[in-house]
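My notes go from the whole chain down to single residues.

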Amino acid sequence: MTAHNFSIEFFPPKTAEGTEKLSITRAKLAALQPKYFSVTFGAGGTTQQGTLDTVVEIRKEGYDAAPHLSCVGGTRESIREILQQYKAHDIRRLVALRGDLPSGYGMGGEFRYANELVEFIRAETGDWFHIEVAAYPEMHPQARSPQDDLNSFVRKMQAGANAAITQYFYNADAYFQFVELAQKAGVTAPIVAGIMPITNSNQLLRFSEMCGAEIPRWVRLKLASYGDDTASIKAFGLDVVTHLCERLLAGGAPGLHFYSLNQAAATTAIWQRLV
Ligand code: FAD
């Protein structure tokens, strides 16, 4: 499994307690030997320092780490400063995104879409960064059509991205079809599958509603039938997500990117079943 591109995502903790907890989580997950950890970036720069601090801490421990960088609401100058800061810390990989501002902020800023950010990063820093971008096998919720969304994705790759990570999904066929269409459109870079472990059904339904990931009906019904029985939810979730990962890897997915939500147990359990 380590031959695959296997990575784990965190969000930057907001409190000292969260920082302490994340360092324990990280020690557990580092034992799985992921290729790198990534750390999210609150759109509008809200977690800028927390993202950098977390990445620096991970790198001090001897692991590779990629900050995410979202451009919505940002200016060329503010993004340039962040890139210089990352370079000064010898950070060599980035996950480049448009991001979502909280409603009410409007779009603002000097970047409209992630392809403009990728272009800007390449123009400013050449090949310094290995750049990953987002992909949406079940379509980004704001896209006009699946074809439009695919075109936007291809544009982002052509702007200079090295690889992509997908939004999470539970329909393996949506991933395989997306990869096939992207390849037909000329994308040769790896499209790593984003994996969201299932540990809590209300949280999952809420997230999925926002980001456009479909929870298959049979999965929703089963989760609902367990009510507050978290042990059954976790056991069922582990079976469903492990099976999904097995299908993806058997079908040629170049790697898996785990949305850990700063928890070690679920990602570890899935991983141990896969090796
Ligand atoms: P884009 O690629 O710009 O696409 C956004 C929408 O615009 C899509 O509907 C696309 O089809 C459309 N579009 C793109 N270009 C054009 C164009 N030229 N004309 C018309 N329409 C266009 N969010 C954060 O805030 N922080 C994070 O750290 C973060 N990490 C993420 C990591 C991963 C792996 C993923 C999958 C998502 C992450 N997100 C994060 C969420 C992401 O910011 C949102 O999904 C956001 O709505 C879109 O970002 P994007 O980079 O995919 O945008």
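**Ground rules.** I'm working with a predicted model: local features need pLDDT of at least 70, side-chain atom pairs count only at pLDDT 80 or more, and totals for chains, interfaces and linings use all residues. I number residues from 1 along each chain as its sequence is written.

**Overall build.** I looked up the secondary structure and found 10 helices and 8 strands. Helices (H or I, at least four residues) and strands (E, at least two) are DSSP runs, numbered from the N terminus. The radius of gyration is 18 Å, close to the 19 Å that the globule rule gives for 275 residues, so the protein is as compact as a globular protein of that length. That radius is taken over C-alpha atoms, and the rule is 2.2 Å times the number of residues to the power 0.38. Along the principal axes, the C-alpha atoms fill a box of roughly 50 × 45 × 40 Å.

I then checked burial: 41% of the 275 residues are buried. Buried means 20 or more other C-beta atoms (placed from the backbone) within 10 Å of the residue's own, exposed means 12 or fewer, and partly exposed is in between. For contacts I used C-beta atoms, placed from the backbone, within 7 Å. Of the contacts with a separation of 6 or more, 82% are between residues 24 or more positions apart.

**Ligand shell.** Which residues come nearest to the ligand? Of the 24 around it, they are Thr40, His68, Arg98, Ala114 and Ser152. To be near, a residue needs its C-beta atom, placed from the backbone, within 6 Å. S3 (65-70), S4 (93-97), H4 (114-125) and H5 (146-158) each supply at least two shell residues, and H5 gives the most, with 4.

**Helix H6.** The 13 residues of H6 (172-184) should span 18 Å at 1.5 Å a residue, and the end C-alpha atoms are 19 Å apart, which agrees. The expected span is 1.5 Å times one less than the number of residues. Tyr175, Phe178, Val179 and Ala182 are the buried residues of H6. They cover an arc of only 100 degrees around the axis, which puts them on the same side of H6. The arc is that of the directions from the helix axis to the C-beta atoms. I noted the spacing rule too: an α-helix has 3.6 residues a turn, so residues three or four places apart point the same way. On the other side of H6, Asp173, Glu180 and Lys184 are exposed.

**Helix H9.** Which residues of H9 are buried? I found Ile233, Gly237, Val241, Leu244, Cys245 and Leu248. They too cover an arc of only 100 degrees, which puts them on the same side of H9. They pack against H6, S7, H7 (201-211), H8 (217-225), S8 (255-259) and H10 (265-274). Just after H9, Gly252 has a positive phi of about 105 degrees.

Most residues other than glycine have a negative phi. Met139 has a positive one, near 75 degrees, and is in the loop between S5 and H5. Asn262, also not a glycine, has a positive phi of about 60 degrees and lies in the loop between S8 and H10. Asn262 is partly exposed, with 17 other C-beta atoms within 10 Å.

Conventions
Contact = placed C-beta atoms within 7 Å.
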